[in-house]
Amino acid sequence: MTHNQWSLPPLPTSTLVSNNGEEPHIDAEINKAMKNYEHTEIVDGSPEQYEKVKQAIYDLLDAFNVNWDDPNYSETPDRVARAYLDYWATGYTRDIHKEAKIFPNESGFEDLIIVKDMKFYSMCSHHLAPFSGHAAIAYVPNKEKYIGLSKLGRILEIYARRFQLQERITAQVADALVELLDPLGVMVVLYNVEHGCMSSRGIQMHEANTTTSAVRGYFQKDAKDSGALRKEALSLMKL
Ligand SMILES: [Zn+2]
């Protein structure tokens, strides 16, 4: 297995399966194009930004004519603004290059590495509703470098803690690993994902959960000699 046996496809392979037969939010091509929009999304945690978010939450509640004398609302704009800047949208300011420590692959192993059942939380950019689920990441390092196992979860979190789409997190994590590690193959699966915007809309959708996957390199169905490795990854993931 040498590094040059495969090359990246022009578009990410991104698929979405919904167990209730709903159409996916967005297809892979739009997903790819949307990446560029993200460059305008900045969370700098500045006092100006905090004030702006706080005012926006105040205006939202005010549009419902809430009674501002009710003590259950008086601190809400402040609380929500802090929650966005301190938790829900913190992925924007974090840098995969700073957080993902890369190690030299001194023993030159090229075996399958899988981490699964990583819990993640995100916020849907269509409805601003929370969604959460689990992730499994499989990759095969090249002969030169690999990444600490816990850092896979960090990379996931950096992309999840934003206004997001499940499909986009999946593709971005896969692409980040390609960029950082130039691995022989990567497979990212987000599964058992429950979307607040879906589960809150109607009784028949309460149990809906979605799975998305992004595969690069050796794990792709049509990649040369990939069959065994792909099967091994899927069976170890047991998804
Ligand atoms: Zn949504």
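Visitor: What pLDDT does the protein chain average?
Guide: This is a predicted model, and 79% of the residues score at least 70. Taken over the protein chain, the pLDDT averages 82.

Visitor: Which element has the lowest mean pLDDT, and what is that value?
Guide: Helix α2 (residues 47–63) has the highest mean, 96. Residues 1–26 have a pLDDT below 50, though this stretch has 51 contacts in the model beyond near neighbours in sequence. The element with the lowest mean is strand β1 (residues 13–18), at 42.

Visitor: In which sense do β3 and β4 pair, and over how many bridges?
Guide: Strand β3 covers residues 113–124 and strand β4 residues 130–140. Five residues lie between the strands of this hairpin, where Leu-128 takes a positive phi near 55 degrees. Tyr-121 stands opposite Ser-132 in β4. The pairing is antiparallel, over nine bridges.

Visitor: Which residue in β6 is the bridge partner of Cys-124?
Guide: Strand β6 (residues 163–164) runs parallel to β3, and two bridges join them. In β6, the partner of Cys-124 is Gln-164.

Visitor: Is Tyr-218 buried or exposed?
Guide: Tyr-218 sits in the loop between β8 (210–217) and α9 (227–237). Its C-alpha atom is separated by 8.4 Å from that of Val-140, 78 residues away along the chain. A residue counts as buried when 20 or more other C-beta atoms lie within 10 Å of its own. Tyr-218 has 26 within that distance, so Tyr-218 is buried.

Visitor: What percentage of the residues in the protein chain is buried?
Guide: The protein chain has 239 residues. Buried residues make up 31%.

How values were computed: Residues are numbered from 1 along each chain as its sequence is written. This is a predicted model: local features need pLDDT of at least 70, side-chain atom pairs count only at pLDDT 80 or more; totals for chains, interfaces and linings use all residues. A residue is buried if 20 or more other C-beta atoms lie within 10 Å of its own, exposed if 12 or fewer, and partly exposed in between; C-beta atoms are placed from the backbone. Helices (H or I, at least four residues) and strands (E, at least two) are DSSP runs, numbered from the N terminus. pLDDT is the predictor's confidence in each residue, from 0 to 100. Two residues are in contact if their C-beta atoms, placed from the backbone, lie within 7 Å. Two strands pair if DSSP finds at least two bridges between them.
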